[in-house]
Amino acid sequence: MTATDKAIRLPFIRPAVAPPTNGVTGLTPEVRRVKALARFATTITIFNIVGHLFLGFEQAPITPVVAALTSYASALLFEACDAWAFSRRPDFLGGPRALLIFLLPAHITGLACGMLLWGNASLWPYVFAIVVANGTKYLVRVPVRGRLRHVLNPSNAGIVTVLLLFPWVSIAPPYHFTSFTVGTLDWLIPLGILVFGTMLNAKLTGKMPLIVGWLLGFVAQAFVRWAVFDHSLLGALVPMTGLAFILFTNYMITDPATSPFRLRNQVVFGLVTAAVYGALVVSGVSFGLFFALVITCVLRAMVLLLVSVRCRRAGAGQ
């Protein structure tokens with residue numbers, strides 16, 4: 001559910017120092033990024049294979065294959081067009097390793113959309129979501145530390161677009177992640193994903209402050225809904241026990257390319273996402289997790305745009 005940054009230097013902004021690592025040391029940012037992408041890609045591949053063979057995934061078995069191939073093709077096409085438009089070398093050139101690294105985010109995006117959406121017997125909703133997801137990396141970019149970078153979580157943006165445009169498409173029901181498991185496995189599978197995801201974010205992405213902010217905010221909005229709107233407290237908290245929530249927490253909201261780096265900003269990002277989610281639930285909006293994240297990303301993009309305008313005006317006044 002992560003994606004590479006599309007970086008184009010902006011002449012009116014002074015390049016900033018490398019982003020803080022939030023306690024993640026020992027590796028360069030690029031090495032950490034590649035390692036995180038590789039582990040994300042490996043995890044989601046294994047989960048898709050096991051899910052279709054043993055866990056009860058309800059999409060057609062061909063779905064992840066079509067999703068991955070569509071994501072590869074669209075990512076390569078968009079990158080080639082963007083490189084031509086800006087007279088730069090495409091990121092996928094430079095040998096097999098460069099191509100593999102470039103395709104890792106596309107692999108994650110494709111399998112994520114194929115796993116989380118439910119398009120009934122049709123494949124085109126998955127294809128449409130994936131093309132939109134990869135397209136947002138090039139169409140929705142704002143200045144961040146002197147470079148143009150995409151700000152919408154690709155897979156989340158593709159999923160939300162399909163949900164908005166095609167009401168008959170929905171999110172895959174949470175039960176299908178463990179519909180064929182019983183007893184101890186019902187606990188071990190979520191626990192294993194939780195432990196692995198936590199280790200990945202702690203060691204490579206440095207997004208643990210964001211996760212803490214998100215979890216605290218989620219609990220807070222549950223208590224507010226219970227105290228103010230008379231919602232069931234248990235009902236508001238129980239989503240935290242589901243595998244879908246664990247996947248969202250460890251593998252979507254923590255996307256390194258579209259979430260903040262600084263510790264304070266990470267916590268704020270998590271808290272805002274939780275607050276938006278609570279407001280959406282109170283308003284009766286379904287699939288609140290996905291809509292909350294895209295809204296928070298848009299709000300962050302607006303802040304980044306305001307910062308870039310101030311920097312441009314400050315540079316012009318010198």
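This is a predicted model: local features need pLDDT of at least 70, side-chain atom pairs count only at pLDDT 80 or more; totals for chains, interfaces and linings use all residues.
Of the chain's 318 residues, 48% count as buried. The fold that holds them has eleven helices and four strands. The radius of gyration is 19 Å, close to the 20 Å that the globule rule gives for 318 residues, so the chain is as compact as a globular protein of that length. If you draw a box along the principal axes, the C-alpha atoms fill roughly 65 × 45 × 40 Å.

Next, turn to the charges. The chain carries 24 positive side chains and 9 negative ones. The centres of these two sets lie 14 Å apart.

Finally, let's visit the cysteines. How many disulfides does the structure hold? The count is zero. Cys113 is in no disulfide, and the nearest cysteine sulfur, which belongs to Cys297, is 14 Å away. A disulfide needs two cysteine sulfur atoms within 2.5 Å. Is Cys113 buried or exposed? With a relative accessible area of 0%, Cys113 is buried. Cys81 has a relative accessibility of 43%, so this residue counts as partly exposed. The cut-offs behind these words are under 20% for buried and over 50% for exposed, with partly exposed in between.

Conventions. Residues are numbered from 1 along each chain as its sequence is written. Side-chain values use heavy atoms; hydrogens and water are left out. Helices (H or I, at least four residues) and strands (E, at least two) are DSSP runs, numbered from the N terminus. The radius of gyration is taken over C-alpha atoms; the globule rule is 2.2 Å times the number of residues to the power 0.38. Buried means under 20% relative accessible area, exposed over 50%, partly exposed in between (1.4 Å probe, protein chains only). Lys and Arg count as positive and Asp and Glu as negative; His and the chain ends are not counted. The place of a charge is taken as NZ of Lys, CZ of Arg, CG of Asp or CD of Glu.
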